[in-house]
Amino acid sequence: MTLRKKERRLTIAVGLIIGVTASSFLVKHALNVKNEQAALKPGNYNSLHSAIGDVKFPPLPASVRKAIPHGIVVFFEGNRSSLLNLNQKKVDSWVIETSGSFRSERLFVLAEVEKSINQNTRFFRASEIYVGLYNNELLESFEESLDKKKFRVIGRNSSTGDHIIQVRNFSPTDLDNAALFLNSHSMVKSTRFSHWTPTR
């Protein structure tokens with residue numbers, strides 16, 4: 001038995017509708033599964049586990065979520081001294097990789113939240129330390145004295161004259177140790193961490 005022209009068209013149309021509907025359903029299902037998996041990946045805010053070390057962290061305070069709405073928690077260290085050593089106040093510290101379409105738009109930010117009622121929050125660039133030298137003419141000698149696997153001079157702050165040192169290891173403890181090491185260097189006059197201001 002052969003189908004007439006109209007019946008053939010109707011059969012093709014029904015087949016297309018069924019095919020498109022099934023494809024849409026499968027695509028939506030795949031996207032939902034992908035989003036659920038991404039939400040549980042280490043470092044995702046909802047996963048409550050850091051990307052490095054798989055360290056469990058408490059939910060991020062609203063101040064951090066507002067400043068960095070989408071990011072990956074790379075490191076977490078709780079109940080520690082602030083990098084600024086403010087009256088030995090204890091803080092929770094998250095190192096977060098900010099999101100961006102391009103690699104150049106992403107950076108690592110250290111968020112320190114005081115363990116107090118006010119929960120004061122401070123942000124720093126996590127992979128940089130500003131260093132003042134006693135004699136800027138000795139920059140080349142200073143640079144040669146650094147372990148290239150840990151430190152790299154990447155520029156100079158035009159307003160303060162401080163040299164910007166990129167730190168390869170930047171967990172909160174690593175940053176403490178890096179600052180201690182640089183402060184003990186005979187050519188170093190001062191070190192400081194660069195504040196980061198949210199763009200929103």
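Rings of Phe, Tyr and Trp (for Trp, the six-membered ring) count as a pair if their centres lie within 6.5 Å; planes under 30 degrees apart make a pair stacked, over 60 edge-to-face, and the rest tilted. By this rule the count comes to seven aromatic pairs. Keep in mind that you are looking at a predicted model, where local features need pLDDT of at least 70 and side-chain atom pairs count only at pLDDT 80 or more, while totals for chains, interfaces and linings use all residues. Residues are numbered from 1 along each chain as its sequence is written, and side-chain values use heavy atoms, with hydrogens and water left out.

**Stop 1: two aromatic pairs**

Select Phe76 and Trp94. Their ring centres are 5.1 Å apart and the planes meet at 50°, so this pair is tilted. Phe76 sits in strand β1 and Trp94 in strand β2 (residues 90–98), 18 residues apart, and the pair thus links distant parts of the chain. Helices (H or I, at least four residues) and strands (E, at least two) are DSSP runs, numbered from the N terminus.

Next, select Phe151 and Phe181. This aromatic pair is stacked, with 5.5 Å centre to centre and 15° between the planes. Phe151 belongs to strand β5 and Phe181 to helix α4, 30 residues apart, another link between distant parts of the chain. Phe151 is buried because its relative accessibility is 6%, whereas Phe181, at 38%, counts as partly exposed.

**Stop 2: the nonpolar cores**

A nonpolar core is a set of buried Ala, Val, Leu, Ile, Met, Phe, Trp, Tyr and Cys residues joined through side-chain atoms within 4.5 Å. Which residues have the most contacts inside the largest core? Select Val131 and Phe142: they are the ones, in a core of 23 residues. At least two core residues come from each of β1 (71–81), β4 (121–133), β5 (151–156), β6 (163–167), α4 (172–183) and β7 (188–195). The most come from β4, which gives five.

Stay on Phe142 and show its surroundings. Contact means heavy atoms within 4.5 Å. Not counting residues up to four places away in sequence, Phe142 touches Val131, Leu133, Ile165, Leu182, His185, Met187 and Val188. A second, separate core has 15 residues, including Phe57, Leu60, Ile96 and Ala111.

**Stop 3: strand β6 and its partners**

Colour β6, where four of the five residues are buried. Two strands pair if DSSP finds at least two bridges between them. β4 and β6 run antiparallel and are joined by four bridges; Val131 has His163 of β6 as its bridge partner. On to β5, which also runs antiparallel to β6, with five bridges joining them. Here Phe151 is the bridge partner of Val167 in β6. β5 and β6 form a hairpin with six residues between them, and Gly161 in the turn has a positive phi of about 80°.

**Stop 4: a Glu in strand β4**

Finally, select Glu128, which lies in strand β4. Its relative accessibility is 13%, so Glu128 counts as buried. Which residues is Glu128 in contact with, leaving aside its neighbours within four places in sequence? Look for Ile154, Ile164, Ile165 and Phe193.

Notes:
Buried < 20%, exposed > 50% of the residue type's maximum accessible area, 1.4 Å probe, protein only.
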